[in-house]
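Thanks for coming, everyone. Please have the sequence and the structure open while I talk.

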Amino acid sequence: LEPKEFSQESKKVIDFIADYYSNIEKYPVLSQVKPGYLKTELPDSAPYSPEPLEDILNDIDAKLMPGFTHWQSPNFFAYFQINASTAGFLGEMLCSGFNIINFCWLASPAATELEILVMDWMAKMLQLPPSFMSSGNGGGVLQSSTCEAIVCTLAAARDKVLAEVGYEAITKLVVYSSDQTHSSLQKGVKIVGIPPSNVRCLPTAFSEGFSLSPQTLEEAIRKDIMSGFIPLYLCGTVGTTACGAVDPIEKLGKVARKYNLWFHIDAAYAGSACICPEFRHYLDGVELADSLSMNPHKWFLTNMDCCCLWVKNPDSLIDSLSTNPEYLRNAPSESGNVVDYKDWQIPLSRRFRAMKLWVVIRRHGLATLRFHIRSDVKLATYFESKVAKDSRFEMVVPRKFALVCFRLKAGKDSKDDENLNKKLLQEVNESGNAFMTHAVVGGVYFIRCAVGSTLTEERHVEGLWKLIQEKATKVLLDAIV
Ligand code: PLP
């Protein structure tokens, strides 16, 4: 790592990335390559001698770029977006530029103390109760993903209960969610050793906006208790992946408190919107939860990766995840007066994500971050108004955030509708001009338009809608022929 060379080569890479962003609209949004395409493009063994940076950048351009799906394209409307911003890039550069690791406080005191501070800033922006902040005996940690946050909280909940009832009772522990909860809960359950059959994916209904009913939850808990099971953990969601549904946090929280369940709130996507007063009510009742997670890398202008996890009782995480090998022992840790983040997460080593989030918050400020959320919601509302004006289409669920769930409804029956919508989605995505994905909720197949790439403007949403209309006409004509 020679500073002069570092500076020169970094500038070349930054210019290369800047060019990419200047031209991003020219690429097909969804990669059109076939599986295994790269095998014939690149050598099958590593080079023996160093290669020039230019050759590597040329290969990226010529050989890798065709295999990229362009997540930062303004015409990317699939899954949930991963927001990038200049501040996010700069924060990420500083994070990897320093390349320090703060597994324990001593290993990099500023990194740990900045993380505590930045998690308190985030908690204040979301108006979380003091019990989730460092001043109130709670606290936050930055992890890579919601999946990881869920594993950690499941492990904490599991060990707390098993310490009381004995380890052999692990097969009796039950986890509650709705049929809309993200699959990260299922993965977490498998990892922590609870039988996957002990996850109750409680049914949701269109009439309740696909949110989890507190009555259904309570009935399931009672039934399990009667059958000798031990209710352990409830996952509520603010902004489900398929259709953006919101579970009634306060009511679910009361049930969780009544039966002493660990209550986790997964706000991976829509948590970012809750910095705006008009969306904050979706988190009402959060004081009844034990933990909450949200992903700034989704909708908070923070480049991958960044997941905020807050817990009311960090000791429960520490009891479950801490290890103390001799080589990591040190006086500050032993004093008990510092945070050692290694005990709040799965890996030992950790990225300096606090730097990135801190730069993002400082460079944008709360006002710009709110403006960013609101402009995406406005674009989604614009798209929704287009859907409403074309009688061949219908909205599948009312929109809450920047996700629009719609479908063509011109088929003879529901199977026919599904085939038409699949064909429409395929046509749109194969055009290379936009990328959307689908979901099935309540047995209905539909198309999701997730607005939120940082570069998306009204003209892109307009273009998307024109493309959808054109392809819908084709698909409907093809169906008649
Ligand atoms: N929870 C929700 C509601 C999500 O939408 C997603 C991903 O889209 C996840 C969890 C998984 O997040 P991660 O990729 O950070 O594990």
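This is a predicted model: local features need pLDDT of at least 70, side-chain atom pairs count only at pLDDT 80 or more; totals for chains, interfaces and linings use all residues.

Where does N99 sit? It is in the loop between α3, residues 86–98, and α4, residues 109–125. Its backbone deserves a look too. Phi of N99 is near 50°, a positive value in a residue other than glycine. Why point that out? Most residues other than glycine have a negative phi.

Now go to N137. Here phi is near 70°, again positive in a residue other than glycine. N137 is found in the loop between α4 and β1. N137 has 13 C-beta neighbours inside 10 Å, so it counts as partly exposed.

One more backbone point. Find M304 and D305. A cis peptide bond joins these two residues, with omega about -10°. As background, most peptide bonds are trans. D305 lies in the loop between α10 and β7.

Next, the strands. Begin with β1, residues 139–143. How many of its residues are buried? The count is 5 of the 5, so β1 is largely enclosed by the rest of the structure. Look at the directions. G139, V141 and Q143 point one way from the strand. G140 and L142 point the other way. All of them are buried.

Which strand pairs with β1? That is β7, residues 307–311. The two run antiparallel, and 5 bridges join them. To find the pairing on screen, take V141. Its bridge partner in β7 is L309.

Now jump along the chain to β9, residues 403–408. This strand is mostly covered, with 6 of its 6 residues buried. L403, C405 and R407 point one way from β9. V404, F406 and L408 point the other way. Note that R407 is on the buried list too.

What does β9 pair with? One partner is β8, residues 393–395. Those strands run antiparallel, joined by 3 bridges. M395 has F406 as its bridge partner in β9. Another partner is β11, residues 444–450. That pair is antiparallel as well, with 4 bridges. Across that pair, C405 stands opposite R448 in β11.

On to K298. UniProt lists this lysine, in an unreviewed entry, under "modified residue: N6-(pyridoxal phosphate)lysine". In the model, K298 is found in helix α10, residues 296–299. Is K298 buried or exposed? It is buried, because 25 other C-beta atoms lie within 10 Å, and the cut-off for buried is 20 or more.

Who touches K298? Leave aside its neighbours within four places in sequence. The contacts are then F80, Q81, I82, N83, A268, Y269 and S272.

Now the ligand. How many residues surround the ligand? There are 14. The closest are S145, T146, C147, H182 and A268. A268 is also in contact with K298. By class, the shell has 5 nonpolar, 8 polar and 1 charged residues.

Step back to the domains. The protein is divided into domain 1 (3–70), domain 2 (100–351) and domain 3 (362–480). The C-alpha centres of domain 2 and domain 3 lie 31 Å apart. Their contact takes 17 residues from domain 2 and 19 residues from domain 3. What is the domain 2 side made of? The residues that touch domain 3 divide into 13 nonpolar, 4 polar and no charged.

Last stop, L261. This leucine is found in the loop between α8, residues 249–258, and β5, residues 262–266. It has 25 C-beta neighbours inside 10 Å, so L261 counts as buried. Leaving aside neighbours within four places in sequence, L261 is in contact with P231, L232, Y233, L234 and A256. Now find A472. It is 211 residues along the chain from L261, and their C-alpha atoms are separated by 48 Å.

To wrap up, go back to two residues. K298 is buried.

Conventions. Residues are numbered from 1 along each chain as its sequence is written. UniProt positions are given in the numbering used here, feature names are shortened, and annotations may be inferred rather than shown by experiment. A residue is buried if 20 or more other C-beta atoms lie within 10 Å of its own, exposed if 12 or fewer, and partly exposed in between; C-beta atoms are placed from the backbone. Two residues are in contact if their C-beta atoms, placed from the backbone, lie within 7 Å. A residue is near a molecule or strand if its C-beta atom, placed from the backbone, lies within 6 Å of it. Ala, Val, Leu, Ile, Met, Phe, Trp, Tyr, Cys and Pro count as nonpolar, Asp, Glu, Lys and Arg as charged, and the others, Gly among them, as polar. Domain bounds come from an automatic or database domain assignment. Two strands pair if DSSP finds at least two bridges between them.
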